[in-house]
Amino acid sequence: MDRRIYGGSAVIPLFLFFFFLISSTASALPKNNTNPSSGSGQINSNSVLVALLDSRYTELAELVEKALLLQTLEDAVGLHNITIFAPRNEALERDLDPEFKRFLLEPGNLKSLQTLLMFHIIPHRVGSDQWPSEDSGRVKHPTLGNDQVHLSHGDGKKMVDSAEIIRPDDLTRPDGLIHGIERLLIPRSVQEDFNRRRSLQSISAVLPEGAPEVDPRTNRLKKPVAPKPAGSPPALPIQSAMAPGPSLAPAPAPGPGGKHHHFDGEAQVKDFIHTLLHYGGYNEMADILVNLTSLATEMGRLVSEGYVLTVLAPNDEAMAKLTTDQLSEPGAPEQIMYYHIIPEYQTEESMYNSVRRFGKVKFDTLRFPHKVAAKEADGSVKFGDGVRSAYLFDPDIFTDGRISVQGIDGVLFPQEEELVESVKIPVKKVVQPRRGKLLEVACSMLGAVGKETYLSKCR
C-alpha cells in the first residue's frame, strides 16, 4: 500500500514536468499572423482602405478605382500603418480646374493620376497628437509616390503642404487613419506634365531650319533663296512624302532639314497605340498597324517631318466583320488603313462643326485620290454612305497636337465611282476648217510651185 502511494506521488511530478515543458515550447514558437491583410492577399473589413471606399470621400475613392490602385494600396496596408490625406468632395467636384480634371482622367495620363493619388498617402501613422509643434517648423514625410510632403502647425491650424486639415483623425483604424483636408495636393511632377500637355511644348519644338520650296512645274525642290521662318510646314504634299508602295520601306519625307528629328514621331505613334490598347476595344486596329503592316513606322516618320494625321480607328466589332477575301489580297490591309488616315489634324469638335456648317464635307485620305465623306447625323458625325458607313463612336481617344485618333463603329471603303469622277479623260476638240481657209492653203501651194497666173486669179 505504501508502495502504491509512493509510486503515485512520483507520477504526478513527472506529469507536471512534461506539461510545463510543452507550454514553454508553444509559447516560444512564433504566433500566426491574425491580420488577414498581411500576406494573405485579402483586406480586413476593419481596414483603413475599406473605410476610405465606404466614407464621405467618395470622389477620392472613385479616383483610386479609376487609377487601378486598389491592389497597390492593399499591399501597402499589409506592410505599413498608413496615413491618408483625403480631400473633401467639393474640392474635387467644384473647386478643381475642369481642364486639369479632364487631363487626369485621360487614358494616356494614368501614371500622372497614380502619382497624384500616392502623394496623399504616408507609409506610417501620423495622428493629430503626433503633429509637429509650431516651434519645430515644417517636418518632411515621404509618401508612397516617392515624393515628400511637409507637415506644419501654425496659427492654430494643422497643415499638410498648403492644405489645411479640416477633419483630423476623421477615420481611425488599426492599420491606419484618414485626415480630411480642404483641397487637393498636386505634386510638382504632375503639374509640370499638365503644363507641357496644355502648351504642347513637348511636340511644338522650334525648328532650326525651314522647309524647302517646291517648283510646281517640275515638283522638284528649289534651291533655298532665303531662310524660311522657324516652324514652317513641310513644302511637299503628304502624298509625295509617303512611301512608293506598301511593299517598300517608308521613304523619308523631305520636310524640315537637319540631321535630327525635331518631332519625335515614333514616340508619339507608340503613345497613341498604347492608348488604344489601354482604352480597350481597338486591339485589331493596333495589331494591323504594328504586326501586319509597316504603317506605324511610316506614320512615325511622317510626324517626325512635321505632318499631322487624323486616324479613324474602327473598333474590334467592326473589324470582325471583314471577310477573308477583303484581307487576303496583296496590300489589302495597307489600303484599308490608308483610307482611314486623314492628312489633317481634326478633333471631334472641329469635324462636327464642319459638317454642321457645310452639310457634307469630304476629307482627303492617304489612299490618294479617294476621299472620305462626312455629314451630320443623329447629333454625331457619320462617315461614308449607304451600307458602308460608320459613326463617330469614341471621340478624341488620343489628341496630342500632331496625331488625333477618333473611334468609329464601322470599316470604311471608298466608292468606286469616286475614282471615275476624279480621273477625267481629256477629249480632243476637232475644229472644222472653213471653206475660205482651204482655198487659201491651196492657192499658197500653187504659188510655191511658181504658177503666178493661178495665184493672181485667186487673189
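Modeller: H10 and helix H11 (residues 283–292) pack at an angle of about 150°, their axes being 8 Å apart. Axes are lines fitted to C-alpha atoms, for helices over the stretch in contact, and angles run from 0 to 180 degrees between N-to-C directions. That angle makes H10 roughly antiparallel to H11; angles under 35 degrees count as roughly parallel, over 145 as roughly antiparallel, 65 to 115 as roughly perpendicular and the rest as oblique.

Biologist: What kind of model is this, and how are residues numbered?

Modeller: This is a predicted model, in which local features need pLDDT of at least 70 and side-chain atom pairs count only at pLDDT 80 or more, while totals for chains, interfaces and linings use all residues. Residues are numbered from 1 along each chain as its sequence is written, and side-chain values use heavy atoms, with hydrogens and water left out.

Biologist: Which residues of H10 and H11 meet?

Modeller: Phe 272, Ile 273, Leu 276 and Leu 277 of H10 meet Asn 283, Met 285, Ala 286, Leu 289 and Val 290 of H11, contact meaning heavy atoms within 4.5 Å. The residues of this contact comprise 8 nonpolar, 1 polar and no charged. Ala, Val, Leu, Ile, Met, Phe, Trp, Tyr, Cys and Pro count as nonpolar, Asp, Glu, Lys and Arg as charged, and the others, Gly among them, as polar.

Biologist: And how does H10 pack with H12?

Modeller: H10 (residues 265–279) and H12 (residues 295–304) pack at about 130°, with axes 7 Å apart. The two helices are therefore oblique to each other. From H10, the contact uses Gly 265, Glu 266, Gln 268, Val 269, Phe 272 and Ile 273; from H12, Ala 296, Met 299, Gly 300, Val 303 and Ser 304.

Biologist: Changing topic, where does Asp 170 lie?

Modeller: Asp 170 is in strand E6 (residues 163–173).

Biologist: Which residues does Asp 170 touch?

Modeller: Not counting residues up to four places away in sequence, Asp 170 touches Arg 56, Tyr 57, Ile 178 and Gly 180. The side chains of Asp 170 and Arg 56 are joined by a polar contact of 2.6 Å.

Biologist: Lastly, how many helices and strands does the protein have?

Modeller: The protein has 19 helices and 16 strands; helices (H or I, at least four residues) and strands (E, at least two) are DSSP runs, numbered from the N terminus.

Methods:
A polar contact is a pair of N or O atoms within 3.5 Å; within protein, one must be able to donate a hydrogen and the other to accept it, and residues adjacent in sequence count only if both atoms are side-chain atoms.
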